[in-house]
Amino acid sequence: MDKKKLVKLAKKDFEKAWTMTSKTLHKPHHDDEYPRIHLKTGKSHMLYDTVAQLRQAYLNLGFNEAVNPVFIEEEHIYKQFGPEAPAVLDRCFYTAGLPRPDIGIGMDKIEKIEKMGVDLDDARIDGLKEVFRGYKKGDVSGDDLVLEVSQALNVKNNMGLRILEKIFPEIRELTPIAHKTTLRSHMTSGWFITLQNIHNKRQLPLKLFSIDRCFRREQREDASHLTTYHSASCVIVDDEISLDMGKAVSESLLEYFGFEKFKFTPDEKKSKYYIAGTQTEVYGYHPKLKEWVEVATFGMYSPIALAKYGIDKDVMNLGVGVERIAMLLYNQTDVREMVYPQTYGKWKLSDRDLATMLRINYYPATREGQHLMNNIVTAFKEHGDTPSPCEFTAFEGEFLGKDIEVKVVEPEKGTKLLGPAAWNTVYINQGDIIGVPAKDVTDENALNALENGISTEINYMDGICADAAYKIEEMVVSGAGKVTLRVPISRSISDINLRLEDVALNYITSKNKAIDVRGPVFCTITCTLKE
């Protein structure tokens, strides 16, 4: 199934194209079928490792976890921030939704539906009208609209979808309408709503924490700013709380991450939801980093803002930027690269990674074939330096139920059974794939690879002899009488029967790395089926 044609078809008839997607599936190779495939342990993301550590740190301090609202009505921003609200809202994302239109069913649309081969009567038309009325009122969800239309008209789902696409374009042409609802830009916005509902229903002191996403409409994303980030925030609610509680909590929380000394300085931002003069920046000294870094902010919620939620208690709030902590812990300099390494990170494959992606391509499938491969290698090792012309029998006897004779041959005069590059070993060095001679290494790149690179433990003859044994297996099974394999000069890894996975090839190409396995091999292997 051509996927490009499938995508093109989807623009004309989505349901038909979607049904045909099942034809893109293929039966996997035997080795890739369950239960032969088994999933290994994965690698966690450093950001969520930090979230896990922060959760544990809060729990260790006796805080209970809470989930704060993500969708915040605009009016709450005014309640909390007062005259600051317009500036705060400028950095908020507003939500929007598609309107539920009145969808009429006139004679023109009835005729178009009938032209599509659908038999209509009064009951089906009334049923379709009822579906659209339910959709307008919200009783029928958008996800169920195709199914409901299909059932009302007694047609299959693919026909119901085509009718909606062709006859009712007003659904497709809807334009989102903005609401007065924002995405949470500060965890504080959620805390006020949460505390409004529970401040007088729980025993004091009330200690809660929440670690979750916030969304901020930044002018741009750069090395230190993202439009969505994680806030690790907590509140303590009691009849009386001093600002010293913020110092104690921040110290105990951050000691969990190795910080040893702390400094507390007034924050110049002076957010209006805090009591004047209480907004405080926390700096911690980390012995491994050997520097002071800003790690948290805390303050006392303003009684003016709290009163608008009916809260007559003292509330201390502390917030920690999770990405900020993660960058410090993992020595990261760009928040985009840390959070989205797949998009912003520098692509890096180690030589060890590349070594796992270079393999012998054609390899004998049977145990007898593998023994034959070893016999051919042995013959070349024993006679490789023999002056030519020459030939030697590598194997003679029964193989997969047939009598065969395998020879290693060099018919030309004035040379040897094997060329000088035959026993070169493939090395990987700083992303380059290089063939290194077995002895008398003089080339600078080969010397560097030999001293600093990783050996794949594959030499040219390993690949060539594996290919020969594989082809001899094919010859015997197919009933052919003879097969000859000759490799005069290696110019690429395919010449020596090696295969590089696409990921590795893409990496080497994108990084302008080299694949150099050139060299004279002059290897000939013949196999004859004996009568």
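The model is predicted: local features need pLDDT of at least 70, side-chain atom pairs count only at pLDDT 80 or more, and totals for chains, interfaces and linings use all residues. Residues are numbered from 1 along each chain as its sequence is written, and side-chain values use heavy atoms, with hydrogens and water left out.

The chain has 21 helices and 20 strands. Both are DSSP runs, numbered from the N terminus: helices are H or I with at least four residues, strands are E with at least two. The radius of gyration is 36 Å, well over the 24 Å that the globule rule gives for 531 residues, so the chain is more spread out than a compact globule. This radius is taken over C-alpha atoms, and the rule is 2.2 Å times the number of residues to the power 0.38. Along the principal axes, the C-alpha atoms fill a box of roughly 100 × 80 × 40 Å. Of the 531 residues, 42% are buried. Buried means under 20% relative accessible area, exposed over 50%, and partly exposed in between (1.4 Å probe, protein chains only). Among contacts with a separation of 6 or more, 70% come from residues 24 or more positions apart. A contact means heavy atoms within 4.5 Å.

Pockets and cavities were searched on a 1 Å grid over the protein atoms alone. A cavity is a set of points where a 1.4 Å probe fits but cannot get out. A pocket is an open set with protein on both sides within 12 Å along at least five of seven lines. Lining residues have an atom within 4 Å of a point. Grid points are joined across faces, edges and corners, and a volume is the space filled by probe spheres set on the points.

The largest pocket has a volume of about 1400 Å³. It is lined by 44 residues, of which Arg216, Tyr229, Lys269, Thr297 and Gly321 are the closest to its centre. Elements that each supply at least two lining residues include α11 (187-198), β6 (228-238) and β9 (291-300). The lining has 17 nonpolar, 16 polar and eleven charged residues. Here Ala, Val, Leu, Ile, Met, Phe, Trp, Tyr, Cys and Pro count as nonpolar, Asp, Glu, Lys and Arg as charged, and the others, Gly among them, as polar.

The second largest pocket has a volume of about 720 Å³. Of its 28 lining residues, Pro420, Ala421, Asn424, Pro437 and Ala438 are the closest to the centre. At least two lining residues each come from α18 (367-383), β15 (432-436) and α19 (444-452). By class, this lining has twelve nonpolar, six polar and ten charged residues.

Strand β15 also has two pairing partners. Two strands pair if DSSP finds at least two bridges between them. β15 pairs with β14 (residues 425-429) in the antiparallel sense over five bridges, and Tyr427 stands opposite Ile434. With β19 (residues 515-516), β15 pairs in the parallel sense over two bridges; here Ile433 stands opposite Ile515. Four of the five residues of β15 are buried.

The loop between β14 and β15 holds Gln430. Gln430 has a positive phi of about 50 degrees although it is not a glycine. At 58% relative accessibility, Gln430 is exposed. Asp440 lies in the loop between β15 and α19. Its phi is also positive, at about 55 degrees, and Asp440 is exposed at 66% relative accessible area. Most residues other than glycine have a negative phi, and most peptide bonds are trans.

β12 (residues 390-399) and β13 (residues 402-410) pair in the antiparallel sense over nine bridges. Gly397 has Ile404 as its bridge partner. Another cis bond joins Leu204 and Pro205, with omega about -5 degrees.

The structure holds one cavity of 30 Å³ or more. The largest cavity has a volume of about 40 Å³. Its lining includes Ala468, Val483 and Ile525, and divides into six nonpolar, two polar and one charged residue.
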